Amino acid sequence: MRAGCPAIRAGCANRSLSVRGNPNLQAMNALDLLAAAIRARAGVSGSMVPPDAILWTDAGEEWCRLIPAARSRIPELLVLGDYDPDARTGPAIWLRCVIDGTISLPDVPADRPPVVYLPGIERGHLRAGEDCPEHVRPLVELLYRGVAWHHPNARDWSVRAFLTLRADGVPAGPGLDIAGDSETREALLRAVREVVQTPLDELRGRRLDANAFNRIAGVEIERDILLWLGDPGTNRETMGDARWDAFRDEARRELRFDPEAGSDVEAGAKLAWGKGRWRDVWSRFSENPGSFQGVADVLRRSRPGGELVLEGRDRWPDLNDEDEESVLAALEGLPRLSHPAACAETKRLEAEHGQRRDWVWAKVGDSPLAEALDPLARLAKAADKSVGGGAPEDVARVYAERGWQADRAAREALALASSKHEKLIAGAVRHLTEPWLDESARAFQVAVRDHPLPSVRSDAVKESPSLAYARTLDSVAAASTSPVGAAEQECLLFVDGLRYELGRCLAERLGARGLTATVHSRWAAIPTVTATAKPAVTPIADQIAGDRLGADFQPVARGSGRPARAATLREVIKERGYEIVGDGALDLGPTPGARGWRETGRIDHHGHHHEAVAFARLVEEELDGLAHRVLELIEAGWASVRIVTDHGWLLLPGGLPMVTLPRHLTESKWARAAVLAGDAKPDAPLHPWHWNPDERFASPPGIACFSKRPEYAHGGLSVQECLIPDIVVRADTTDGRMAHAALSRPVIGSVSWLRMRCNVRVENAGEGATADLRLGSPSGELASSPKVIDADGCASLILRDDAHEDAALVLVVTGADGRVLAHRNTRRGDSPA
């Protein structure tokens, strides 16, 4: 007697229970129920001795595609076929030896009768005696020593018959509602392996037809036709016969196109015209064109030659290419135009081509000049009129209202320039910017000549540094001359080279992070070099003095007489009672009543060591880093952060103009400032040194330099160099702590996976927030469509491509304004967290 007979009988009886009212069985898939139904035959032989085998005949070979999946679920499964013991497959005589125990197979349980799958064999063959096919004769005896698994009508179980078996029957069946037409039958057999492994609750309660089974088989017609378009040959091979047949079937019915008989250019034309279901295919492509390499090249070959396109130009990449060439030619001719004409031409190009930034080709990087036109047109508009005024405060007011936008646009145009077009964009920026910069600088220099900037001797405000913050800062237009100081629980954050326009951009980034950033302004100490200007924006400026103007423009600390360099400044600031905040001190937070000082940023360093285009790109990274550091300080417990800087700068691709200042007239000569030798009388404007107005330095006119045409320079007198931001940042909390509720920041609660579906719960998501999956990082390519997080904080995301099922993914929560609010790493199959 085979061991474990009572257990077999008990197990079979339990497996015969209805799924109704049994949550464990309700969670099963059809493969679980198939295994239970087959094993249940071991309990109906009418004998206390279990059968030696359960025969599973399948004359129509409908179940063949299921067998690879069934092997792992039914470890006692043996298959008639070519000899392959690792797959528990072999000829009839080998199967008899295994069943009789003369051949032992590992991993085949001894307490269950073997299940013998016989493809292409019907029970009548085994009953035919001598007429039985020779290759199965060794198995005839098993009809009498074993039992057969068959339909109650004595025929072989078809796939459809089993899957539609009632769920409340005995044994329990899947209870699916499946259409009876031939197309559905063919689609079901192609997808049988996937169907039986799909949870039943995903299949029940709806009519399953050919479309449904094709999708279950992995066919997603919008995705698959695009993948096929990109590389027909390779995708035909990778699909395999079953999936290819399902794909063809779906394409013929849904798209009226046969990928085996039709050409890629025929499909490309259908895609571009977007009629019927092809409209959905285009939507899928435009949502994430980077996932479908090669489609653009097909579309370039698909438009009938010479055909005029009046509507839908955005769908033809070759027309976009022609438009890019048109912009290229116009920008190449820009330097030959007068400045007013160049500004007008740039604005015309933007009006004509700006819409192309919304076309799909911009997403794949095929419209770099259309992208560049946005900041170039903003530059042309802002640089139409120079910045001027009768007094420095008037110039500051105009610059704060509109002038800074020109500097921002110029920098952003350079940062956007593709490697192929760097020289072209740099040339356009230079031509649009240089006259405006020079005229504005000369107007400012006249204003400063008539109304000198404040110096140590002329400063009217002499507040105690500890009380200075209590004074209400002036408006943006009226530059403050008050000493720099921090209130209690406030940290001063010094950033080298944060010119005014960058301060405005930084404030925008801080606002996007839920902080309140108020931008004020003040005048930099002149000349606008770090040695002179940095001490003036420290809380110990009253401890700094200037005697003779030396070659390095460096003042000294009162009392000690040491040069007021960084180390000395920090030492005196600490003596004043300020905490020097380094990275290691952030986790500790401030002590009660503390005032802090921290230094950060490499903007000025990058400006001196990189060309204009590379520098413009690095500035974007610097601004993101600065916003992060401010957030760190607020989260560490500082109630507010006051951001100060030493000077601004000029930036002109191709180099600033140069004027000559003979070396013998100078003690030292920097790009935009020079210390004179003795009583030298140079042909250059002279200005009082901030720390001792009796000492004077030379500065070149306009935006010129004394050195060899640097692209980045400071030290002189222009509104870009002299007007600097003074930014106060606060969190909307009573104690300065950055609680997530105070900033309404979402918190990802749980993440769970069910096959290709990711279920998410988010706390404090906010109205309009969405969730999506991305590849590799929060800024990576979309791996799912974004879904709105519902009122309960839930969203369900489906991986859009099988290729992503083993990828490192990031769950991203995005606000209604498009900002990333929270993210978490995940992978398909991760346990709930």
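**Figure 1. Glu324 and the backbone of Ala370.** A polar atom of the Glu324 side chain lies 3.2 Å from the backbone nitrogen of Ala370. The model shown here and in the other figures is predicted. Glu324 belongs to helix H17, which covers residues 317-332. With a relative accessible area of 8%, Glu324 is buried, because the cut-off for a buried residue is under 20%. Apart from neighbours within four places in sequence, the residues in contact with Glu324 are Arg356, Asp366, Ser367, Pro368, Leu369 and Ala370.

**Figure 2. The chain as a whole, for orientation.** The chain has 833 residues, and buried residues make up 52% of them. Its secondary structure consists of 28 helices and 28 strands. The accessible surface of the chain is about 35,900 Å², and carbon and sulfur atoms account for 49% of that surface. Of the contacts between residues at least 6 apart in sequence, 70% join residues at least 24 apart.

**Figure 3. Helix H5 and the elements around its buried residues.** Helix H5 runs over residues 92-100, and its buried residues are Ala92, Trp94, Leu95, Arg96, Val98 and Ile99. After H5 comes Gly101, with a positive phi near 90°.

**Figure 4. Arg88 in the loop between S2 and S3.** Arg88 is found in the loop that joins strands S2 and S3. Most residues other than glycine have a negative phi. Arg88 is not a glycine, yet its phi is positive, at about 55°. The relative accessibility of Arg88 is 12%, so Arg88 counts as buried.

**Figure 5. Packing of helices H12 and H14.** Helix H12 (residues 221-230) packs with helix H14 (residues 264-273) at an angle of about 130°, and their axes are 10 Å apart. That angle makes H12 oblique to H14. The contact is formed by Leu226, Trp228 and Leu229 on the H12 side and by Asp264, Ala267, Gly268 and Leu271 on the H14 side. The crossing of H12 and H14 is left-handed.

**Figure 6. Helix H15 and its cover.** In helix H15 (residues 278-287), the buried residues are Trp278, Val281, Trp282, Arg284, Phe285 and Ser286.

**Figure 7. Packing of helices H23 and H27.** Two packed helices are described by the angle between their axes and the distance between the axes. For helix H23 (residues 500-512) and helix H27 (residues 612-636), the angle is about 55° and the axes are 9 Å apart. H23 is therefore oblique to H27. The crossing of H23 and H27 is right-handed. From H23, the residues in contact are Leu502, Cys505, Leu506, Arg509 and Leu510. In H27 they meet Val619, Glu620, Leu623, Asp624, Leu626, Ala627 and Val630.

Figure 8. Most peptide bonds are trans. The bond from Ile526 to Pro527 is cis, and its omega is near 0°. Pro527 is placed in the loop between strand S9 (516-523) and helix H24 (530-533).

**Figure 9. Gly577 and Gly596.** Gly577 lies in the loop between helix H25 (566-575) and strand S12 (579-580). Its relative accessibility is 52%, so Gly577 counts as exposed, the cut-off being over 50%. Gly596 is 19 residues from Gly577 along the chain, and the C-alpha atoms of these two glycines are separated by 8.8 Å.

**Figure 10. Arg709 in the loop between S19 and S20.** Arg709 has its place in the loop between strand S19 (692-698) and strand S20 (712-713). Arg709 is not a glycine but has a positive phi of about 45°. The relative accessible area of Arg709 is 38%, so this residue is partly exposed.

Definitions and conventions. Residues numbered from 1 in each chain as written. Predicted model: local features only at pLDDT ≥ 70, side-chain atom pairs only at ≥ 80, totals over all residues. Heavy atoms only, no water. Helix = DSSP H or I, 4+ residues; strand = E, 2+ residues; numbered from the N terminus. Buried < 20%, exposed > 50% of the residue type's maximum accessible area, 1.4 Å probe, protein only. Polar contact = N/O pair within 3.5 Å; in protein donor to acceptor, adjacent residues only side chain to side chain. Contact = heavy atoms within 4.5 Å. Areas by Shrake-Rupley, 256 points an atom, 1.4 Å probe, with all protein chains shown as cover. Axes fitted to C-alpha atoms, helices over the stretch in contact; angles between N-to-C directions. Parallel < 35°, antiparallel > 145°, perpendicular 65-115°, else oblique. Left-handed = near helix turned anticlockwise from the far one by under 90°.
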